[in-house]
Amino acid sequence: MAMTAINVPTTDDILVPETLLKKQKTDADAQTKAAAKKVELRKAKLSKRREVFKRAKKYDAEYKANEKNEIRLRRQAKALGNYYVPAQEKLVFVIRIRGINNIAPKPRKVLTLLRLLQINNGVFVRLNKATSEMLQLIQPYVTYGYPNQKTIRELIYKRGYGKVNKSRIPLYDNSIVEQALGKYNIICIEDLIHEISTVGPHFKEASNFLWPFKLSNPNNMWRERKFLNYVEGGDAGNRENFINNLVQAMN
């Protein structure tokens, strides 16, 4: 019996289905686009990081220049035998020190407006005629003073939370700040700190974006008569620059 020859088809002889060819082409296009998008995102991220560093450097130089100018003016006044009177403060940090019992309706309303809903809650407030009168109304229930640059920075970096879609979100990335405040040219945490500390044109938006700070109870910092005014040996009311010591203990 004669053997019949069997021809095995080569790769070139086999026709690839049309659907498979289309799928391969689509996958190749998708991979190319994804790679290009990845490169663009990396470039944008690098550019954004450089911009953030540049801004932080500029703000640092500004803070140092202001500090040196303050020292120069003090020395100049002392040399001429005068007294140096610093500019009126524009920013206060307010901490609630009393609970909800036996509070009259007006002070209760003011505390709600300032978002001080719990004991040891703290907020930054722009100091003007209206807010000064509000602080007078709630003096027995809060303590407040003038925060320095160090206090503002440590509060935002350590206990800063943002309000995003009515949710309390930790500020772990600059993108959270940019998403909420980018339209006001506030794209990073350093921008946020600068806007708060200098009481800039968009202070209201920046302050509202920050969730009220939830501070710890300070160790051995409250006085025996806590609800007396600070000048009378208590803790309530205006403590001016001494608020920084209290915030350090509560942060």
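Author: Let us begin with burial, for which a residue counts as buried when its relative accessible area is under 20%. Please keep in mind throughout that this is a predicted model.

Reader: Is Gln139 buried or exposed by that criterion?

Author: Gln139 has a relative accessibility of 16% and therefore counts as buried, although the residue is found in a loop, the one between helix H3 (129-137) and strand S3 (142-145). Once its neighbours within four places in sequence are left aside, Gln139 is in contact with Tyr144, Asn229, Ala236, Gly237 and Asn238.

Reader: How should I read burial along a helix, and which residues of helix H4 are buried?

Author: An α-helix has 3.6 residues a turn, so residues three or four places apart point the same way. In helix H4 (residues 149-159), the buried residues are Thr151, Ile152, Leu155, Ile156 and Arg159. They lie on the same side of H4, because the arc they cover around the axis is only 120 degrees. Among the elements that cover these buried residues are strand S1 (91-96), S2, strand S4 (161-164) and helix H6 (189-197).

Reader: How many cavities of 30 Å³ or more does a search of the whole structure find, and which residues line the largest cavity?

Author: The search finds one cavity of 30 Å³ or more, and the largest cavity holds about 40 Å³ of space. Its lining includes Arg115, Gly122, Val123, Phe124 and Trp211, with strand S2 (residues 121-126) giving the most to that lining, namely three residues.

Note on methods
Residues numbered from 1 in each chain as written. Predicted model: local features only at pLDDT ≥ 70, side-chain atom pairs only at ≥ 80, totals over all residues. Heavy atoms only, no water. 1 Å grid on protein atoms, 1.4 Å probe; cavity = no way out; pocket = protein on both sides within 12 Å on 5 of 7 lines; lining within 4 Å. Points joined across faces, edges and corners; volume = space filled by probe spheres on them. Helix = DSSP H or I, 4+ residues; strand = E, 2+ residues; numbered from the N terminus. Buried < 20%, exposed > 50% of the residue type's maximum accessible area, 1.4 Å probe, protein only. Arc of directions from axis to C-beta. Contact = heavy atoms within 4.5 Å.
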